[in-house]
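Trainee: I would like to learn how to read a model of this kind, feature by feature. Please show it to me first.

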Amino acid sequence: MTENRDIRSVATSDAPTPAGHYSQAVVHAGAVWVAGQMPFDPVNREAPLGDVEAQVRRTFANVEAVLIAAGSSLDRLLQVTIFVTDPELWGEINRVYADILGDHRPARAVIPCGPLKRGAVLEVTAVAAVAAVAVG
């Protein structure tokens, strides 16, 4: 396989480590693509603790940790995809999502899905802009 010098993998211990053959995120061409994040603690990857709100907050804390490691942040999100196990949970998920992001409104898709690992009710993928790095 050839080396891609302009593609950088992101890894941080502040979010759960991948359980398979993938990176927490990949940076390329001024953007970061965040792999699916779930409501698992970075240290203890057992079943997610808490109600829907706690799971949403933990998931977005994981997304934020990966974004920071990539040189980005939640306020630089361009697109968010939320996989949700039960469409009936959407009202609560959307309320917490709006609280976390405030006035920032990235493009978004919500996709109903089947069961997720260990009782998680959502999984989130995202794309964000990466701050330009000064050369010199």
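Trainee: Is Arg95 buried, exposed or partly exposed?

Mentor: First, the conventions. This is a predicted model, in which local features need pLDDT of at least 70, side-chain atom pairs count only at pLDDT 80 or more, and totals for chains, interfaces and linings use all residues. Residues are numbered from 1 along each chain as its sequence is written, and side-chain values use heavy atoms, with hydrogens and water left out. As to burial, a residue is buried under 20% relative accessible area, exposed over 50%, and partly exposed in between (1.4 Å probe, protein chains only). Arg95 has a relative accessible area of 41%, so this residue is partly exposed.

Trainee: With which residue does Arg95 form a salt bridge, and how far apart are the closest N and O atoms?

Mentor: A salt bridge is a side-chain nitrogen of Lys or Arg within 4 Å of a carboxyl oxygen of Asp or Glu. Arg95 forms one with Glu53, where the closest N and O atoms are 3.0 Å apart. This pair links distant parts of the chain, with Arg95 in helix H2 and Glu53 in helix H1, 42 residues apart. Helices (H or I, at least four residues) and strands (E, at least two) are DSSP runs, numbered from the N terminus. Glu53 has a relative accessible area of 24% and is therefore partly exposed.

Trainee: Which residues are linked with Arg95 in a network of salt bridges?

Mentor: The network links Glu53, Arg57, Glu92, Arg95 and Asp99. Within it, the side chains of Arg95 and Glu92 meet at 2.8 Å, N to O. Arg95 and Glu92 both belong to helix H2 and are 3 residues apart, about one turn of the helix. Glu92, at a relative accessible area of 30%, is partly exposed.

Trainee: How many salt bridges does the structure hold?

Mentor: The structure holds 5. One of them joins the side chains of Arg58 and Asp41 at 4.0 Å, N to O. Here too the pair links distant parts of the chain: Arg58 is in helix H1 (residues 52–70) and Asp41 in the loop between E3 and H1, 17 residues apart. Arg58 counts as partly exposed at 26% relative accessibility, and Asp41 is partly exposed at 32%.

Trainee: In what order do the strands form the sheet?

Mentor: Strands of a sheet pair through backbone hydrogen bonds, either parallel or antiparallel. Two strands count as paired if DSSP finds at least two bridges between them. In this model, 6 strands form an open sheet in the order E1-E2-E3-E6-E4-E5, with mixed pairing. Strand E1 (8–10) and strand E5 (107–112) stand at the edges with a single partner strand each, so one side of each has no neighbour in the sheet. From one strand to the next the twist averages 15°; axes are lines fitted to C-alpha atoms, for helices over the stretch in contact, and angles run from 0 to 180 degrees between N-to-C directions.

Trainee: Which helix packs on the sheet, and which strands does it touch?

Mentor: Contact means heavy atoms within 4.5 Å. Helix H2 (residues 90–101) packs on the sheet and touches E4 and E5, its direction making about 155° with that of E4. Leu101 lies in helix H2 and counts as buried because its relative accessibility is 9%. Leaving aside residues up to four places away in sequence, Leu101 touches Leu74, Leu77 and Pro106.

Trainee: Why is strand E6 largely enclosed by the rest of the structure?

Mentor: Strand E6 (residues 122–129) is largely enclosed because 6 of its 8 residues are buried. E6 runs antiparallel to strand E3 (residues 31–37), joined by 5 bridges, and Trp33 stands opposite Val127 in E6. Strand E4 (residues 77–84) is also antiparallel to E6, with 7 bridges, and Phe83 has Glu123 as its bridge partner in E6.

Trainee: Which residues does Gln55 touch, not counting residues up to four places away in sequence?

Mentor: Gln55 touches Pro39, Pro48, Leu49, Gly50, Gly119, Ala120, Val121 and Leu122. Gln55 is in helix H1 and, with a relative accessible area of 5%, is buried.
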